[in-house]
Amino acid sequence: MAEKQSYSVSRKSFFGLFLTTIMLFLLSWLFVSSTGRPRSFDRKSLPTLILPTVFQSSNGLSRTILASNETKRDGGGKVEEQGFQDKDGAMPCNGTVKEPLKIFMYDLDPEFHFRLLNWKPQGGRVWPDIRTEIPRYPGGLNLQHSVEYWLTLDLLTSEISDNPNNRVVIRVQNSSEADLIFVPFFSSLSYNRFSKARRHRKRSRNKVLQAKLVKFVTAQKEWKMSGGRDHIILAHHPNSMLYARMQLWPAVFILADFGRNYVNDSSDFDSRQTLLFFQGSIYRKDGGYARQELFYLLKDEKDVHFSFGSIKKDGVNKASRGMHSSKFCLNIAGDTPSSNRLFDAIASHCVPVIISDDIELPYEDVLDYSEFCVFVRTSDAIKEKFLINLIRSISKKEWTQMWEKLKEVEPLFEYQYPAKDGNAVQMIWKELARKVPGVKMKINKSRRFSSTVVPQEDGGLRSIRAPNNFW
């Protein structure tokens with residue numbers, strides 16, 4: 001035993017001496033020339049380093065490629081950068097792959113989607129032939145809860161596109177190829193139209209559909225494989241999917257509370273006579289306490305419109321006209337941190353004043369809202385004269401800059417069919433694409449203990465796999 005320890009120590013000592021000698025030689029070669037003077041440092045004198053680089057493609061698979069810091073010169077002496085490339089040379093130099101987001105969409109019975117729009121399928125068809133018929137979506141308030149309609153249409157369009165590779169998103173028929181799984185339930189429309197139970201029935205059609213949806217989705221192999229973490233659920237109306245949300249909670253829920261626009265805006269700073277506008281429910285619970293505080297602070301201020309309003313008796317149109325004629329529009333937290341009022345203000349080119357400390361804003365990872373919105377902490381806003389003095393201090397030039405920016409970003413919050421570059425449909429898909437790596441990581445983490453190897457009494461090993469309800 002003593003001999004082995006002695007041998008081990010001597011081997012380590014020899015190895016350490018060898019490394020020290022090599023390092024001293026390299027240092028002396030790098031910094032001292034043959035004349036004994038310091039040598040100038042030249043990166044070209046170092047050997048080329050070939051480093052393995054791992055990146056994750058949109059299908060969740062990791063690929064390893066070789067990245068070199070070497071440059072190559074062409075015949076004319078021009079330096080060519082050796083970027084990240086795969087064997088086909090298709091990889092751009094920044095190491096990212098530009099390809100469509102791949103979505104697998106369940107072929108749900110039409111009762112969950114277009115039949116809610118009175119579309120009548122024929123011959124056992126699940127989807128309308130959008131080359132010849134596109135069921136119309138109802139207008140009015142329904143439009144602000146219509147995201148599921150526009151995204152579903154866009155996925156169906158991707159299947160008949162002449163050049164699918166130029167699209168932001170494509171529908172795939174094999175779920176193993178998909179980045180995310182799409183659940184095409186028009187949940188907001190279901191709530192708006194069928195939330196009240198008919199006579200002699202205990203449950204409304206909306207509740208029945210939710211129960212059937214949960215039963216169907218959770219029984220699918222795609223749900224069981226991911227625990228639902230890669231599923232996209234559209235539950236936009238605050239009361240839509242109310243009975244099914246918790247049962248589908250691991251999924252990705254989309255909130256996109258917009259869908260209106262204001263065309264031919266010829267207004268300017270001087271023509272908008274109202275300085276600050278708010279119309280809506282004033283007495284709210286929880287985080288909405290600031291509304292009533294601000295009501296008492298602002299109700300007597302000159303050029304300020306702060307009043308109660310509702311969707312009844314042409315309330316929506318009155319609020320819209322008020323926003324169009326105002327310079328600034330208040331967006332104050334209510335029962336929830338956000339509301340469609342913010343996007344109505346953007347569509348009206350009325351500079352939003354956001355008083356909601358916990359608000360989550362769409363596309364904020366790529367969009368700087370401070371360029372066209374005014375943010376005020378709730379604790380500051382409810383101080384006497386703080387908010388009104390802040391708004392009055394904003395100059396005509398500053399307001400005009402924000403107003404111009406509002407008109408520039410407005411298309412990002414508009415739905416269109418067919419989808420156009422930079423509209424709400426494409427922006428939502430891009431936002432989802434940026435979430436794919438995080439979703440994949442959550443799925444992989446959840447699988448850490450789904451299969452565990454444990455010793456048996458006879459000294460062997462056996463594998464224990466978690467049941468389907470492990471998630």
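Serine 226 sits in helix H5, residues 221-226; helices here are DSSP runs of H or I with at least four residues, strands are runs of E with at least two, and both are numbered from the N terminus. Is serine 226 buried or exposed? Serine 226 is buried, at 2% relative accessible area. Buried means under 20%, exposed means over 50%, and partly exposed is in between, with a 1.4 Å probe and protein chains only.

A word on the source. This is a predicted model, where local features need pLDDT of at least 70 and side-chain atom pairs count only at pLDDT 80 or more, while totals for chains, interfaces and linings use all residues. Residues are numbered from 1 along each chain as its sequence is written, and side-chain values use heavy atoms, with hydrogens and water left out.

Back to serine 226. Leaving out neighbours within four places in sequence, serine 226 contacts His231, Ile443 and Arg447, contact being heavy atoms within 4.5 Å. From serine 226 to lysine 442 the C-alpha distance is 9.0 Å, although 216 residues separate them in sequence.

Helix H12 covers residues 424-446. H12 has 23 residues and reaches 32 Å from first C-alpha to last, close to the expected 33 Å; the expected span is 1.5 Å times one less than the number of residues. Where is the kink in H12? The kink, about 40 degrees, is at valine 436, shortly before proline 437. The bend is the angle between axes fitted to the seven residues ending at a position and the seven starting there.

Proline 418 is in the loop between helix H11 (396-409) and H12.

Next, the core. A nonpolar core is a set of buried Ala, Val, Leu, Ile, Met, Phe, Trp, Tyr and Cys residues joined through side-chain atoms within 4.5 Å. The largest one has 100 residues, and Phe306, Phe328, Leu330 and Trp429 make the most contacts inside it. H12 supplies the largest share of this core, nine residues. Apart from it lies another core of five residues, including Phe277, Met323, Ala345 and Cys350. Beyond four places in sequence, leucine 330 touches several residues, among them Phe277, Phe306, Arg341 and Leu387.

A cavity is a set of points on a 1 Å grid over the protein atoms alone where a 1.4 Å probe fits but cannot get out, and lining residues have an atom within 4 Å of a point. Points are joined across faces, edges and corners, and volume is the space filled by probe spheres set on them. How many cavities of 30 Å³ or more are there? There are two. The largest cavity holds about 60 Å³. Its lining includes Leu297, Glu301, Lys385 and Ile388. Helices H6 (289-298) and H10 (386-392) are the elements giving two or more residues to that lining, and H10 gives the most, three.

Leucine 297 belongs to H6 and is partly exposed, at 29% relative accessibility. Outside its sequence neighbours up to four places away, leucine 297 touches Ala381, Ile382, Lys383 and Glu384.

Lysine 385 lies in the loop between helix H9 (378-381) and H10. Lysine 385 has a positive phi of about 70 degrees although it is not a glycine, and is partly exposed at 44%.

Methods: 1 Å grid on protein atoms, 1.4 Å probe; cavity = no way out; pocket = protein on both sides within 12 Å on 5 of 7 lines; lining within 4 Å.
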